[in-house]
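Dear colleague,

My notes on it follow below.

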Amino acid sequence: MTGNVETCEIIENVIRLSVIALLWIPAFILAMRYNLHMFQLNGYKNNEQFTWLKKNLRKQWILIWDFALGLTRCFYRPLWLDIIIALSLIMTILVFRAHKILNTKKKLVYTARVKRLIVTDIILCDLVVMPLSLFVDGWLSSGLLICVLGDQFFFNILANLVNRPMEKSVGNWYINDAKKKLQSVDGIKIIGITGSYGKTSVKFYLQTLLQTKYNTLVTPESYNTPMGVVRTIREHLKPTHEIFVCEMGARYVGDIKELCDIVHPQMGVITSVGPQHLETFGDIEHVKDTKFELADALPKGGLIFLNGDNEYIQQKASQYEDVVFYYSDEGVVSERIQTEDESKEAEYKKATADPARTKGYRAHMKSVSQLGTEFSMTTPEGETEDFAMRLIGAHNIINVAGAIAVAHKLGISLKELKIPVRRIQPVEHRMQLREHGEVTIIDDAYNSNPVGSKAAVETLKLFDGVRILITPGMVELGDKEEEYNYKFGTYAADCCDYILLVGKNHTEPIRKGVLEAGFDEKKCHSYDHLEEALSYAHSIKAEGHKYILLENDLPDNY
């Protein structure tokens, strides 16, 4: 009789442990995958992941609950606790399945680094569970398994610390290999492009212009990190390439210098300096110094092309007069967003009145409409030519002017550039028009900034029809974020017929600016999801063609 009871207990225990194990496996995989995805979006930087966790720990409440249950399971074994654990594991699976479905803007890429992190994560989990499993019964082991699941929001950071020496060694090997390949191409001209905004657009505009005369390679999409640049060189650079245009991104002081140490540019373009990534830079002075690391890296006689309309560039440019070529748009007063601090007004006017600015390449807007933009361009020698392009918005002139200036300095005449300028296409997700019958989508969803967002709504105002703005606002602006979003609301109120905000809490400063500017409250709505805002926009019954501006699209880690 005693033997039968013991046998029943063993069977019951096996069933209980098996159920937990079977539910644990998918819960563990999904939780690990989600946190790796966020870690990849945060650039594999532990400090940024910690910052993200502080803001988004509520999204992982189920893991904290799992950890508490696992800790309890290590010491108590009642059946009711196993039932709660099983239900919690099912809930964990559902929560992270939902995260996987919702976070689809930029999917997790299973790079070699991600695969190494996965292996290290699993090994670390085994080191926690396996030694004890050899000396204690399965009850404690199952409790530790649940604890390990509950710690998944932290384990990728730990795995990254463990892998750091290996990742540095692997990265150095790839970097050195890319350097050798770049050096093997005789006579190649390397152009670095950086800026708080506009760098990707200028890169692709410049590619269109240079290809009329040179075999040109550019970093694809937004490949502007060391490993992105290295990958471009190793996979795409050929001995026949004559020019390599390298986009350079930065989130920390020293990032541009690191990229310059890899490619060693002979020419550079600084498209803008502005309040971008202030959460990681700290202040605008650090942004300014970092962008000018490109100018510091140029060899003697190297040329740096500077946006002459940018306030912060003007403040720094006097240190580099010997190698500077300005480009500017005479129709633009400034690339400056007014804030509460107006103390630098006189300083800015003095800087932009500098005679050196008028000696560069100067663009002059002639007309802007929903069909395109016309402008003239004058060289430092006084040569002038008229241009027409399909890009909409006066703000595009300054970026195209920068590309024209570089191409002209490389030996392509203004006359030869007229047709290539006409061929320039909008960069994906940057004021890109998409026609859908009676609705036109103006896709400006990539990484909005204070200057670009103002220019976007002012461009929307040019369209003759029902003008609808959909936006989640701007992020990574540090302690100025609320102020800039409020200002954006005041600009939007003057340019739009309907304003639809995505994210009720984050967009509250925009809503405040919109309403305080006198906008009709009945035409300003807030939604939790983009799909809801789009659905309402399409349902608006009004006479005339509808133009929907999608201004910014926050990445999945927001």
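In which sense do strand β13 and β14 pair, and over how many bridges? Strand β13, which covers residues 498–502, pairs with β14 in the parallel sense, and the pairing runs over four bridges. Before I go further, please keep in mind that this is a predicted model, in which local features need pLDDT of at least 70 and side-chain atom pairs count only at pLDDT 80 or more, while totals for chains, interfaces and linings use all residues. Residues are numbered from 1 along each chain as its sequence is written, and side-chain values use heavy atoms, with hydrogens and water left out.

**The sheet and its helices**

Strands of a sheet pair through backbone hydrogen bonds, either parallel or antiparallel. Here six strands form an open sheet with mixed pairing, and their order is β10-β11-β15-β12-β13-β14. At the edges are β10 (432–436) and β14 (524–527), each of which pairs on one side only, and the twist from one strand to the next averages 20 degrees. Two strands are said to pair if DSSP finds at least two bridges between them, and the helices (H or I, at least four residues) and strands (E, at least two) are DSSP runs that are numbered from the N terminus.

Helix α21 (residues 508–516) lies across β12, β13 and β14, and it runs at about 170 degrees to β14. Contact here means heavy atoms within 4.5 Å, and the angles run from 0 to 180 degrees between N-to-C directions, with axes that are lines fitted to C-alpha atoms, for helices over the stretch in contact.

**Charged side chains**

The count comes to 18 salt bridges, a salt bridge being a side-chain nitrogen of Lys or Arg within 4 Å of a carboxyl oxygen of Asp or Glu. One of them joins Asp82 to Arg73, with the closest N and O atoms 2.5 Å apart, and both Asp82 and Arg73 are buried (buried means under 20% relative accessible area, exposed over 50%, and partly exposed in between, with a 1.4 Å probe and protein chains only).

Another salt bridge joins the side chains of Asp494 and Lys461, at 3.1 Å from N to O. Asp494 lies in the loop between α20 and β13, and Lys461 in the loop between α19 (450–460) and β12, so the pair ties together parts that are 33 residues apart in sequence. Asp494 counts as exposed because its relative accessibility is 53%, whereas Lys461, at 40%, counts as partly exposed.

Glu483 forms a salt bridge with Lys480, and the closest N and O atoms of that pair are 3.3 Å apart. Glu483 is buried, with a relative accessible area of 13%, while Lys480, at 29% relative accessibility, counts as partly exposed.

**Aromatic rings**

A search of the whole structure finds 11 aromatic pairs. Rings of Phe, Tyr and Trp (its six-membered ring) pair if their centres lie within 6.5 Å, and planes under 30 degrees apart count as stacked, over 60 as edge-to-face and the rest as tilted. Among these pairs is the edge-to-face one of Trp173 and Tyr174, with 5.4 Å from centre to centre and 80 degrees between the planes; Trp173 is exposed, with a relative accessible area of 54%, and Tyr174 is partly exposed, with 31%.

Why is the pair of Phe325 and Tyr361 called tilted? The pair is tilted because the planes of the two rings are at 50 degrees, with their centres 6.4 Å apart. This pair links distant parts of the chain, since Phe325 is in strand β6 (residues 324–329) and Tyr361 in strand β7 (residues 361–369), 36 residues apart. Both Phe325 and Tyr361 are buried.

With kind regards
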